[in-house]
Each structure stands twice: as structure tokens, then as C-alpha cells.
Amino acid sequence: MNSHHPHFPPNDVEKYASIILAANKSWVQRMTQVFPQYFPTQEAAQQPKILWVGCSDSRIQESDATASLPGNVFVHRNIANQFHLDDDNALSVLAYGVGELGAQHVVIVGHRNCGGAHAALDAAREPEPDAGHVTDKHGGKPKHNLHHHTTDKQAPRDPNDALTTWLAPLIDRVKQLSLPPDADAALDIVVEENVKLQVNNLTKLESFVKKSAKGPVWVHGWVFNFSTGFLKDLQITQVLGASK
């Protein structure tokens, strides 16, 4: 293993954060030596051309995958690269990235072997639950209905319930698909259909683009294969705000 990289996982898990901080110092020293211009000054404004909407999966590094420098890619990541039209987080990122920073390409990026897509596929294949509950296949613990929203804002939600609700639109979409029996082939289809679903969601924001963007915005759908490093263009690009 390269001596510049920490050894993961450390023998003592309590030291994990300390090892990350030490690795950061080594990385800064190395980058300063070999690429002094890598770190932008604090006065330098970011001018990203691309808003990357991707998955939280730790095996994906958008800057590496696109050979981009700091300031080139504005990023929003979440479980299974979702873009929900009622998600204030995603909408805020779009408003700032497109409206303020002037990004003119929004890329929905799914990836092979996506855990979120896999969970949606499993949930879609489960028998219809009794009203009000969904059975958790991992432990038999009942969950709330997929579309349940807590009414007590003071009570913390169970993260498992939140995840199930988050994936509900994708689960509904998967139920409409005719999928092959082969698990890997089915998952590949779900990953691509998920990207198409999110691209379609973004096309419903044309009025925002016309009002707020600095020009036309191209919405793309890609799939990343982290085992090869290649990005696949699904050829579903839509142009928003081409005429005002």
C-alpha cells in the first residue's frame, strides 16, 4: 500500500479519526509540493459548470471521476441519488447552484450495485403488508407505512422509517417494472430507471430555470461503475429554459 495512505481499518477503531486527520496533513503537504495551485485562495469565487446529484456511497468520488479541480463541481449527495420535488435540501442546492453560481449542467449520477436501489428492489418484491405496517426483512421489526409522516415534531424519527419513506417513490416505480429473474440484471435496470425518474423530476422545474438560471440548463443522466471508473451516459439529456 502507498505509504501516503493510512492503513484502514486501524487495529484500534478509536484511533480512526486521528488517522484521518494525520492523513489530511500528509495529503496537504504532498499536494502543496506537486501542485501548488491546487488549493484555491479564500478570495477565489467558485464557478462550477456542473451540479452533480449523486449517491452518498463512499466508493464514489465525483472530483476524481471527472478529473475536476476544487471549484469545478457543485455537489449534492444522498441515498440513491434522489431528487424529490418536495425536498427542501435538494431544491436549495439547485437554487444556489443554478441560480447563484451559474451551473448550466445538472447531472443525476446513479451507480452500479447501489445499496439504495437494492433496498427499493427488495421492498418492491415483498408481499403487500397489512395496513399501517411494513415488515422489516432484516429483523422482522414492523415499520410504519411507507408514506407515514410523524406529527410530533419534537420526537426523533427512527432512521429506518426515514429511509423507507425516502425510497418510497423509487419503490413505487420499481413495482411498475417488468424485471428479469436474474438479480444482477434486475438491479442494473433499477439503477438506470432510478436515474431516469430523477431526471424527469427535474424537468418539472422548467419555470424555475427560466426565471432564475443564467442561461439554458442541460439535465443529464449518468451511471458510474466504481469497479471500472467509467461513467455511462444514458442519452436522456433534457434542456430546460432554452427559450424565455
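Two residues count as being in contact when they have heavy atoms within 4.5 Å of each other. Keep that in mind while you look around this structure, which is a predicted model. We'll start with one glutamate, then visit some ring pairs, and finish with a helix.

**Glutamate 100**
- You'll find glutamate 100 in helix 3.
- Leaving out residues up to four places away in sequence, glutamate 100 touches Lys214. Ala95 is on its contact list too.
- Is glutamate 100 buried or exposed? Its relative accessibility is 56%, so it counts as exposed, since the cut-off for that label is over 50%.
- Glutamate 100 and glutamine 47 are 53 residues apart along the chain, and their C-alpha atoms are separated by 9.8 Å.

**Aromatic pairs: tryptophan 27 and phenylalanine 39**
- How many aromatic pairs does a search of the whole structure find? The count is five.
- In one of them, the ring centres of tryptophan 27 and phenylalanine 39 sit 5.3 Å apart. Their planes meet at 85°, so this pair is edge-to-face; the label needs an angle over 60 degrees.
- This pair ties together distant parts of the chain, 12 residues apart. Tryptophan 27 belongs to helix 1 (residues 16–34), while phenylalanine 39 is in the loop between helix 1 and strand 1 (50–55).
- Tryptophan 27 is partly exposed, at 31% relative accessibility, and phenylalanine 39 is also partly exposed, at 33%.

**Aromatic pairs: phenylalanine 74 and tyrosine 96**
- Phenylalanine 74 and tyrosine 96 make a tilted pair, with 5.9 Å from centre to centre and 45° between the planes.
- Here, too, distant parts of the chain are linked: phenylalanine 74 is in strand 2 (residues 73–78) and tyrosine 96 is in helix 3 (residues 88–100), 22 residues apart.
- Phenylalanine 74 is buried, with a relative accessible area of 16%, whereas tyrosine 96 is partly exposed at 42%.

**A cluster of rings**
- Ring pairs also join Trp27, Phe35, Tyr38 and Phe39 into a cluster.

**Helix 6**
- Which residues of helix 6 (residues 168–175) are buried? They are Ala168, Leu170, Ile171 and Val174.
- Why do these buried residues line one face of helix 6? Looking down the helix axis, they fall within an arc of 160°, so they share one face.
- As background, an α-helix has 3.6 residues a turn, so residues three or four places apart point the same way.
- The cover over the buried residues of helix 6 includes helix 4 (115–125), helix 5 (159–166) and helix 7 (183–203).

Methods
Residues are numbered from 1 along each chain as its sequence is written. This is a predicted model: local features need pLDDT of at least 70, side-chain atom pairs count only at pLDDT 80 or more; totals for chains, interfaces and linings use all residues. Side-chain values use heavy atoms; hydrogens and water are left out. Buried means under 20% relative accessible area, exposed over 50%, partly exposed in between (1.4 Å probe, protein chains only). Helices (H or I, at least four residues) and strands (E, at least two) are DSSP runs, numbered from the N terminus. The arc is that of the directions from the helix axis to the C-beta atoms. Rings of Phe, Tyr and Trp (its six-membered ring) pair if their centres lie within 6.5 Å; planes under 30 degrees apart count as stacked, over 60 as edge-to-face and the rest as tilted.
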